[in-house]
Amino acid sequence: MEFCVEDSTDVHVLLEDHRIVFSCKNADGVELYNEIEFYAKVNSKDSQDKRSGRSITCFVRKWKEKVAWPRLTKEDIKPVWLSVDFDNWRDWEGDEEVELAQVEHYAELLKKVSTKRPPPAMDDLDTNPPPPGSMSSSLSTEIYQEPTKCP
C-alpha cells in the first residue's frame with residue numbers, strides 16, 4: 001500500500017493483524033488519518049513501511065500467502081481514495097504455472113550438465129613436437145613478430 005503525501009511529517013503507521021492505521025501531517029500542516037480493516041489476517045510482524053519525500057509505502061504480508069483476496073478491505077465498498085497499483089499487481093493463478101515451468105527448465109539443465117559422457121578420444125593428437133624449421137615452427141615465429149610502426 002502506498003499513501004501519497006508529499007513532505008509528510010509526524011508519520012505514524014500502526015500495523016496490526018487485522019488493520020492498519022496511518023496518520024501524518026502534509027506540507028501545509030493538515031493532519032491526515034486513514035484506518036483500513038483488512039479483508040483477512042495479515043502477518044504484522046513480517047510487514048514493514050518505507051518513507052520517502054513523496055509517499056509512505058507499506059509492505060503488508062498476508063497471513064496465508066497463496067490465497068487471493070477479492071479486495072483489500074473488509075467492507076465490500078471500496079473507499080473513493082483507494083485504487084489498485086497495477087504496476088505491482090500479482091496474478092496468483094498464473095504464478096504457479098510459471099514457477100512450475102521454471103523448475104522443469106532448471107531440472108533439464110541440471111540433467112544435461114550432470115550427464116556423464118565418455119571423455120573425448122585424443123588419439124589424433126601428435127605427442128611429438130615439430131622438427132625445427134618445419135612449417136609449424138615458422139608460422140609461430142611469424143605470428144609473434146614485433147609490430148612495425150607506421151611511417
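**Strand pairing and aromatic contacts in the predicted model**

Tyrosine 39 is partly exposed, its relative accessibility being 36% (buried denotes under 20% relative accessible area, exposed over 50%, and partly exposed the range in between, with a 1.4 Å probe and protein chains only). The model is predicted, so local features require pLDDT of at least 70 and side-chain atom pairs count only at pLDDT 80 or more, whereas totals for chains, interfaces and linings use all residues. Residues are numbered from 1 along each chain as its sequence is written, and side-chain values use heavy atoms, with hydrogens and water left out.

The protein has a mean pLDDT of 77, with 72% of its residues at 70 or more (pLDDT is the predictor's confidence in each residue, from 0 to 100). Over residues 137-144, pLDDT stays under 50, and the model has two contacts beyond four places in sequence for this segment (contact means heavy atoms within 4.5 Å). Where pLDDT is low, the predicted coordinates should not be read in detail.

Six strands and two helices were assigned to the protein (DSSP runs numbered from the N terminus, with helices being H or I of at least four residues and strands E of at least two). Along the sequence, these elements follow the pattern β-β-β-β-β-β-α-α. Of the 151 residues, 17% count as buried. Among contacts between residues at least 6 apart in sequence, 43% join residues at least 24 apart.

Three strands form an open sheet in the order 2-3-4, with antiparallel pairing (two strands pair if DSSP finds at least two bridges between them). Strand 2 and strand 4 (31-37) are the edge strands, each pairing on one side only. From one strand to the next, the twist averages 5° (axes are lines fitted to C-alpha atoms, for helices over the stretch in contact, and angles run from 0 to 180 degrees between N-to-C directions). Strand 2 (residues 9-15) and strand 3 (residues 19-25) run antiparallel and are joined by five bridges, and the hairpin between strand 2 and strand 3 passes through three residues. Within this pairing, valine 13 has phenylalanine 22 of strand 3 as its bridge partner, while leucine 14 stands opposite valine 21 in strand 3.

Strand 3 is largely enclosed by the rest of the structure, because five of its seven residues are buried. Serine 23, located in strand 3, is buried at a relative accessible area of 19%. The bridge partner of serine 23 in strand 4 is tyrosine 33. Beyond residues up to four places away in sequence, serine 23 touches Asp10, Val11, His12, Leu32 and Tyr33.

A pair of aromatic rings is described by the distance of the centres and the angle of the planes. Three aromatic pairs were identified in the structure (rings of Phe, Tyr and Trp, the last by its six-membered ring, pair if their centres lie within 6.5 Å; planes under 30 degrees apart count as stacked, over 60 as edge-to-face and the rest as tilted). Phenylalanine 3 and phenylalanine 22 are stacked, at 4.1 Å centre to centre and with 5° between the planes. This pair links distant parts of the chain, since phenylalanine 3 lies in strand 1 (residues 2-4) and phenylalanine 22 in strand 3, 19 residues apart. Phenylalanine 3 is buried with a relative accessible area of 6%, and phenylalanine 22 is buried with 1%.

The pair of tyrosine 39 and tryptophan 69 is tilted, because the ring centres are 6.1 Å apart and the planes stand at 50°. Tyrosine 39 occupies the loop between strand 4 and strand 5 (42-51), and tryptophan 69 the loop between strand 6 (55-62) and helix 1 (92-114), so this pair ties together parts that are 30 residues apart in sequence. Ring pairs link Phe38, Tyr39 and Trp69 into a cluster.
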